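Here's a quick tour for anyone meeting this structure for the first time. Have a look at the model, then read on.

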Amino acid sequence: MRIPFLFLTASLCAMVLLLLAPASEGCGPGRGYGKRRLPKKLIPLAYKQFSPNVAEKTLGASGRPEGKITRNSERFKELTPNYNTDIIFKDEEDTGADRLMTQRCKDKLNSLAISVMNMWPGVKLRVTEGWDEDGHHSEDSLHYEGRAVDITTSDRDRNKYAMLARLAVEAGFDWVYYESKAHIHCSVKSEHSVAAKTGGCFPADAQVTLEGGVTKHMRDLQLGERVLASSATDGRGSLLYSPVLSFMDLQPNTSKIFTIIGTNTGLNITLTAAHLVFVTDCPGGLQEESVRTTFASEVQPGQCVLTSRGTETTLSVVTSVEEKQSIGLYAPLTQHGSIVVNNVLASCYAAVDDHHLAHWGLAPLRFFYTLMGPAEQQTDGVHWYPWLLKHVGERLLDPKHFHPLGIEQGL
């Protein structure tokens with residue numbers, strides 16, 4: 001078919017734009033946008049070395065322990081079994097405990113399993129210790145929370161362990177320690193910690209405004225409906241109603257920590273930490289070229305956010321930035337790349353600090369849905385296109401342009 005071919009061609013063009021569009025900003029020290037990253041040389045960890053080079057239970061690594069999880073505790077439901085056939089679980093207790101872990105730990109472990117097989121064909125990842133319910137570790141060990149694993153290779157070749165530790169770092173574990181000649185220790189941040197707040201979504205009870213002034217909860221928003229958004233990509237234009245083309249992320253039952261930005265007008269917006277919000281320095285106003293996007297977690301009291309009064313854009317002063325846990329992850333993509341949520345204007349994009357760059361990167365997806373119309377329905381999870389764009393961006397862009405807590409979900 002001709003349409004898919006055009007879509008794939010446009011997608012490839014977007015990837016090139018992602019590399020070239022901001023090349024002019026790549027001047028000066030450091031690696032700019034426009035420079036292709038050379039193949040990375042993997043350097044094995046030295047014995048007793050840990051990465052990052054800070055203590056395990058600090059914010060820069062896996063964070064503080066939150067208390068032991070037992071089979072009878074409420075938090076036991078936070079653990080999920082890992083039945084990946086590419087991983088060997090020692091399970092010496094014969095209780096399946098080593099297979100239980102947090103979702104973040106499971107994701108990193110599964111990623112590492114692939115790296116191990118690619119590095120050493122015929123060799124698998126082996127877990128010798130996972131969740132501990134028997135008190136075999138120190139009092140504040142993250143093993144008691146399903147946030148730590150001890151690993152080896154299936155062939156138990158200790159000559160591989162230094163490189164195994166490096167692969168664990170590359171797989172995204174928040175702390176990796178070449179602890180013993182017999183194993184590597186890896187751990188992750190808590191699901192409740194700030195590092196689990198990445199991605200760009202709104203909670204289920206967030207409200208959008210439809211044509212005619214009717215409001216609707218995010219959980220009830222349908223593809224094809226027209227929602228209030230900005231007519232200009234810099235946020236300074238008048239407001240209009242823009243069609244919802246797709247959901248870049250859709251996880252109705254997921255619980256996450258959200259950032260709440262409160263204002264002096266009583267309006268507030270709730271969104272994940274890595275989501276982009278339009279802000280300006282007060283009293284710069286909308287007439288000056290001071291409107292920009294920033295991560296929700298970096299918004300400061302005293303700044304102004306753009307709010308709506310009918311179809312006119314106004315300013316409200318930020319008075320508070322707080323956090324709360326809510327249910328649902330919804331990331332609608334509109335034709336214009338922005339959306340008014342709870343009467344506050346936000347970008348549709350997240351994770352990367354440049355709204356215009358993200359808007360260009362998502363242009364092929366917007367073009368496709370504009371041409372073909374929104375899908376009749378969408379499956380839960382991250383949309384494949386922003387997922388792909390995220391991984392391309394990780395290879396092409398300087399890490400400083402990503403949210404400081406990393407990328408867990410799509411743009």
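Let's start with K48, which counts as partly exposed because its relative accessibility is 39%, a value between the 20% and 50% cut-offs. Keep in mind that this is a predicted model. K48 sits in the loop between α1 (2–20) and β1, and its phi is positive, at about 75°, even though K48 is not a glycine.

R156 has a positive phi too, near 55°, and isn't a glycine either. Its place is the loop between β6 and α3. Here are the two residues side by side:

| Residue | Phi | Relative accessibility | Class |
|---|---|---|---|
| K48 | about 75° | 39% | partly exposed |
| R156 | near 55° | 54% | exposed |

There's another backbone feature to look for: the peptide bond joining S51 and P52 is cis, with omega at about 0°. P52 belongs to the loop between β1 (50–51) and β2.

Now for helix α2, which covers residues 103–119.

Which residues of α2 are buried? They are R104, C105, K106, K108, L109, L112, A113 and V116. The elements that cover them include β2 (80–81), β3 (87–89), β4 (100–101), β5 (125–129), β6 (148–153) and α3 (161–171).

Take R104, found in helix α2. R104 counts as buried because its relative accessible area is 8%, under the 20% cut-off. The R104 side chain also makes a polar contact of 2.9 Å with the side chain of D174.

Note on methods. Residues are numbered from 1 along each chain as its sequence is written. This is a predicted model: local features need pLDDT of at least 70, side-chain atom pairs count only at pLDDT 80 or more; totals for chains, interfaces and linings use all residues. Side-chain values use heavy atoms; hydrogens and water are left out. Helices (H or I, at least four residues) and strands (E, at least two) are DSSP runs, numbered from the N terminus. The expected span of a helix is 1.5 Å times one less than its number of residues. Buried means under 20% relative accessible area, exposed over 50%, partly exposed in between (1.4 Å probe, protein chains only). Contact means heavy atoms within 4.5 Å. A polar contact is a pair of N or O atoms within 3.5 Å; within protein, one must be able to donate a hydrogen and the other to accept it, and residues adjacent in sequence count only if both atoms are side-chain atoms.
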